[in-house]
Amino acid sequence: MTYQDLKQEEQTYVMQTYGRFAVAIDHGEGSKVWDVENKEYIDLTSGIGVCSVGYAREELVSAISEQAGKLLHISNLFLTEPMVQTAKTLVTSCDMGKVFFANSGAEANEGAVKLARKYSYDKYGEGRSTIVTLKNSFHGRTITTLKATGQDKFHQFFFPFTEGFVYAEANNLEDVKQKADASACAVMMELIQGEGGVLPLDKAFVQDVASFCKEHDLLLIIDEVQTGIGRTGSLFCFQQYGIQPDIVTMAKGLGGGVPIGAVMAAKTCDSVLTPGTHATTFGGSPLCCAAANAVLSIVNQPDFLHEVTEKGEYIKKKLLEISHGTIKNIRGMGLMLGVIVDEEKRAELVSACMDKGVLVLTAGKDAIRLLPPLTITYEEIDEAIERVREVF
Ligand SMILES: *Cc1c(COP(=O)(O)O)cnc(C)c1O
């Protein structure tokens, strides 16, 4: 089918919830994808940070196909080896307690909200359930995680939303302290606001919030759905902020393309969710966990993570060299980068990149967001820069 044929049928049969690019992708290899007309693109989006080890990566493909031939799914009433292995790798890599598997970022965050509220309820009873999140954050699209998201534009149409969320200014400790009153049980934040514009939080602010949470027995929830699984040059971004969260959520890059999310709790709160209090049919399926294990065995290596940081620095340097003033600044860590340009020029720049065969994302008002596969090669980076040289 051509793009035009697909587009026509999509408009007939698929709910029109996405502003899609005018491209239909057919297949990929490494950091490249090809559309249905066989045009080649270097992909600096990796499916919004999902295809962390690139396309058609042999270890991932064989882990998935072997597991598919062995056992695709079984209910959570039974144990499977891939599931236990994923949990063990995650927990032992960063000194946490236990994991609950979900199927997406929003679901992982829902689990974190439930865990934090029950922790507080078990210990202090009713009335201590508010969760402080940050303005300009993004935590998902369910009714609860929309309300957790600190942007007014997400709080429309779908009333009534879940109660019990208040929003503090990022990098403003006093505001967090003020918003976290006696009704609060947790503080939840992204360390680099992704959808909000690739905005890294200040290290001192994050550390101060962590100490404040400890003092008041508030659980610190770090949403690593976008920053996790090697994206910023460490397995989790919090490891570079010198904090130890109570709850970490993850999804996007964990399965390298298959849908999997997870809530990871510290030892102090890893037994709050008990039989009957939380569950999901698909979470922790052997297929998705086999994929996650393949991803983790590639990504969770010191040399690999170090290279993520180096490749990020390399992209920054190269882009600034060709920019001629079009690029005002580049924010972010590792391979999560926000290339800041004029708000009015951004749409044109993004579509010019596409024309030249380079896929990019946007975030916030003025960022061109880059989330390439973590396995992108220096050759692929050089080729992408060469293709967009004229654009900038
Ligand atoms: C993408 C994202 C989510 C939502 O994840 P879904 O898998 O789309 O539900 C939540 N938090 C952050 C920080 C994200 O980037």
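Student: What is meant by calling the crossing in which H4 passes H9 left-handed?

Tutor: A crossing counts as left-handed if the near helix is turned anticlockwise from the far one by less than a right angle, and as right-handed if it is turned clockwise; H4 passes H9 in the left-handed way. The names come from DSSP, whose runs of H or I of at least four residues are helices and whose runs of E of at least two are strands, numbered from the N terminus. Please keep in mind that this is a predicted model, in which local features need pLDDT of at least 70 and side-chain atom pairs count only at pLDDT 80 or more, while totals for chains, interfaces and linings use all residues. Residues are numbered from 1 along each chain as its sequence is written, and side-chain values use heavy atoms, with hydrogens and water left out.

Student: Why are H4 and H9 called oblique to each other?

Tutor: Two packed helices are described by the angle between their axes and the distance between the axes. The axes are lines fitted to C-alpha atoms, for helices over the stretch in contact, and the angles run from 0 to 180 degrees between N-to-C directions. Angles under 35 degrees count as roughly parallel, over 145 as roughly antiparallel, 65 to 115 as roughly perpendicular, and the rest as oblique. The axes of H4 (residues 81-93) and H9 cross at roughly 40° and come within 8 Å, and H4 and H9 are therefore oblique.

Student: What makes H3 and H9 roughly antiparallel?

Tutor: The axes of H3 (residues 58-70) and H9 (residues 286-299) cross at roughly 155° and come within 9 Å; H3 and H9 are therefore roughly antiparallel. H3 passes H9 in a right-handed crossing.

Student: Which residues of H3 and H9 meet?

Tutor: Contact means heavy atoms within 4.5 Å. On the H3 side the residues include Leu60, Ala63 and Ile64, and on the H9 side they include Leu287, Ala291 and Val295. By class, this contact of H3 with H9 has 11 nonpolar, 1 polar and 1 charged residues, where Ala, Val, Leu, Ile, Met, Phe, Trp, Tyr, Cys and Pro count as nonpolar, Asp, Glu, Lys and Arg as charged, and the others, Gly among them, as polar.

Student: Why are H10 and H12 called roughly parallel?

Tutor: The axes of H10 (residues 302-322) and H12 (residues 378-388) cross at roughly 20° and come within 11 Å, and H10 and H12 are therefore roughly parallel. Their crossing is right-handed. The residues in contact include Tyr314 and Ile315 of H10 and Ile381 and Ile385 of H12, and by class the contact has 8 nonpolar, no polar and 4 charged residues.

Student: Why does valine 258 count as buried?

Tutor: Buried means under 20% relative accessible area, exposed over 50%, and partly exposed in between, with a 1.4 Å probe and protein chains only. Valine 258 has 14% relative accessibility and therefore counts as buried. This valine is found in the loop between strand S11 (247-250) and strand S12 (261-265), and valine 258 touches Ile64, Cys288 and Ala291, not counting residues up to four places away in sequence.

Student: Why does isoleucine 74 count as partly exposed?

Tutor: The relative accessibility of isoleucine 74 is 32%, and so isoleucine 74 counts as partly exposed. Isoleucine 74 is found in the loop between H3 and H4; leaving aside neighbours within four places in sequence, isoleucine 74 is in contact with Thr80 and Pro286.

Student: Why does asparagine 38 count as exposed?

Tutor: Asparagine 38 has 54% relative accessibility and therefore counts as exposed. Most residues other than glycine have a negative phi, yet asparagine 38 has a positive phi of about 70°. Phi of isoleucine 229 is near 55°, again a positive value in a residue other than glycine, but isoleucine 229, at 2% relative accessibility, counts as buried.

Student: What makes a set of residues a nonpolar core?

Tutor: A nonpolar core is a set of buried Ala, Val, Leu, Ile, Met, Phe, Trp, Tyr and Cys residues joined through side-chain atoms within 4.5 Å. The largest one here has 93 residues, and those with the most contacts inside it are Met189, Phe236 and Phe392. H9 gives the most to this core, with 9 residues.
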